[in-house]
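Here are my notes for your next look at this model. Please read them with the structure open.

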Amino acid sequence: MGFLGTSAPLQSDLSLIVQGIILVVLFYGVTMVKKKEYMKHAYMMLGSLILTLWNAFIVMVPKARSLVRMYRPYGLSLLVRIHMTFGVIVLLLGFYLIWVWRLDEPGPCFKQSGKMRKLAGLWMLEVLGGFVIYYLLYV
């Protein structure tokens with residue numbers, strides 16, 4: 001039993017908290033770009049990407065595998081599949097952008113700003129989808 005007062009297991013509660021932190025960092029990252037604090041933004045996004053990767057493999061993948069097998073490919077199972085697809089795209093595109101950056105001063109990244117905006121939107125949708133899945137499963 002978790003600690004958020006629902007029927008969720010502890011791992012799912014921790015995952016929800018981590019997703020909330022990631023969402024806050026994503027919004028804060030946008031403000032860092034507007035303030036032209038690009039290195040701070042880059043390190044925050046790297047940290048969020050690592051948290052997303054950890055969260056995916058420790059909590060989400062095992063839970064999603066059981067959910068996809070239990071339900072037909074519509075409703076909750078479809079939502080989980082969409083969430084997983086968004087998550088994979090976020091991780092792949094995120095690590096690609098980190099590779100382009102390679103912990104260097106901003107430069108090559110500016111050419112990727114269109115991809116970064118798309119990644120930010122998709123990442124936020126992925127996180128919000130996780131909140132919806134948590135709600136449908138445990139509240």
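This is a predicted model: local features need pLDDT of at least 70, side-chain atom pairs count only at pLDDT 80 or more; totals for chains, interfaces and linings use all residues.

1. Start with the largest pocket, which holds about 660 Å³ of space. Helices α1, α2, α3 and α4 each give two or more residues to the lining. Which of these helices gives the most to the lining? It is α2, with seven residues.

2. Next, the nonpolar core. The largest one has 22 residues. I22, L26, W101 and W123 have the most contacts inside this core. The elements giving two or more residues to the core are α1 (10-34), α2, α3 and α4 (113-138). Here too α2 gives the most, with six residues. In soluble globular proteins, nonpolar side chains tend to be buried together.

3. Look at I22 within that core. Leaving out residues up to four places away in sequence, I22 touches S48, L51, T52, W123 and V127. W123 is also one of the residues with the most contacts inside the core. Both W123 and V127 are on the list of buried residues of α4. I22 itself is among the buried residues of α1.

4. Helix α1 is worth checking end to end. It has 25 residues and reaches 37 Å from first C-alpha to last. That is close to the 36 Å expected at 1.5 Å a residue. Its buried residues are S12, D13, S15, L16, V18, Q19, I22, L23, L26, G29 and M32. An α-helix has 3.6 residues a turn, so residues three or four places apart point the same way.

5. Take Q19 as a case from that list. Q19 sits in helix α1. Is Q19 buried or exposed? It is buried, because its relative accessible area is 3%, under the 20% cut-off. Beyond residues up to four places away in sequence, Q19 touches N55, M60, E126, V127 and F131. E126 and V127 are both among the buried residues of α4.

6. What follows α1? K36 does, and its phi is positive, near 65°. K36 is a residue other than glycine. It lies in the loop between α1 and α2. K36 counts as exposed, because its relative accessibility is 60% and the cut-off for exposed is over 50%.

7. Now the aromatic pairs. The count comes to two. In one of them, the ring centres of Y43 and W101 are 5.1 Å apart. Their planes stand at 80°, so this pair is edge-to-face; the cut-off for that class is over 60 degrees. Y43 is partly exposed, at 44% relative accessibility. W101 is buried, at 4%. W101 is also among the core residues with the most contacts.

8. F95 is placed in helix α3. It counts as partly exposed, because its relative accessibility is 33%. Apart from neighbours within four places in sequence, F95 is in contact with L49 and L53. F95 and L26 are 69 residues apart in sequence, and their C-alpha atoms are 15 Å apart in space.

9. Helix α4 passes the length check. Its 26 residues should span 38 Å at 1.5 Å a residue, and its end C-alpha atoms are 37 Å apart, which agrees. Its buried residues are L119, L122, W123, M124, E126, V127, G129, G130, I133, Y134 and Y138.

10. Finish with L122, which lies in helix α4. L122 counts as buried, because its relative accessibility is 17% and the cut-off is under 20%. L122 touches F86, I89 and V90, not counting residues up to four places away in sequence. How far apart are L122 and F86, C-alpha to C-alpha? They are 6.7 Å apart in space and 36 residues apart in sequence.

Terms used:
Residues are numbered from 1 along each chain as its sequence is written. Side-chain values use heavy atoms; hydrogens and water are left out. Rings of Phe, Tyr and Trp (its six-membered ring) pair if their centres lie within 6.5 Å; planes under 30 degrees apart count as stacked, over 60 as edge-to-face and the rest as tilted. Buried means under 20% relative accessible area, exposed over 50%, partly exposed in between (1.4 Å probe, protein chains only). A nonpolar core is a set of buried Ala, Val, Leu, Ile, Met, Phe, Trp, Tyr and Cys residues joined through side-chain atoms within 4.5 Å. Helices (H or I, at least four residues) and strands (E, at least two) are DSSP runs, numbered from the N terminus. Contact means heavy atoms within 4.5 Å. The expected span of a helix is 1.5 Å times one less than its number of residues. On a 1 Å grid over the protein atoms alone, a cavity is a set of points where a 1.4 Å probe fits but cannot get out, and a pocket is an open set with protein on both sides within 12 Å along at least five of seven lines; lining residues have an atom within 4 Å of a point. Grid points are joined across faces, edges and corners, and a volume is the space filled by probe spheres set on the points.
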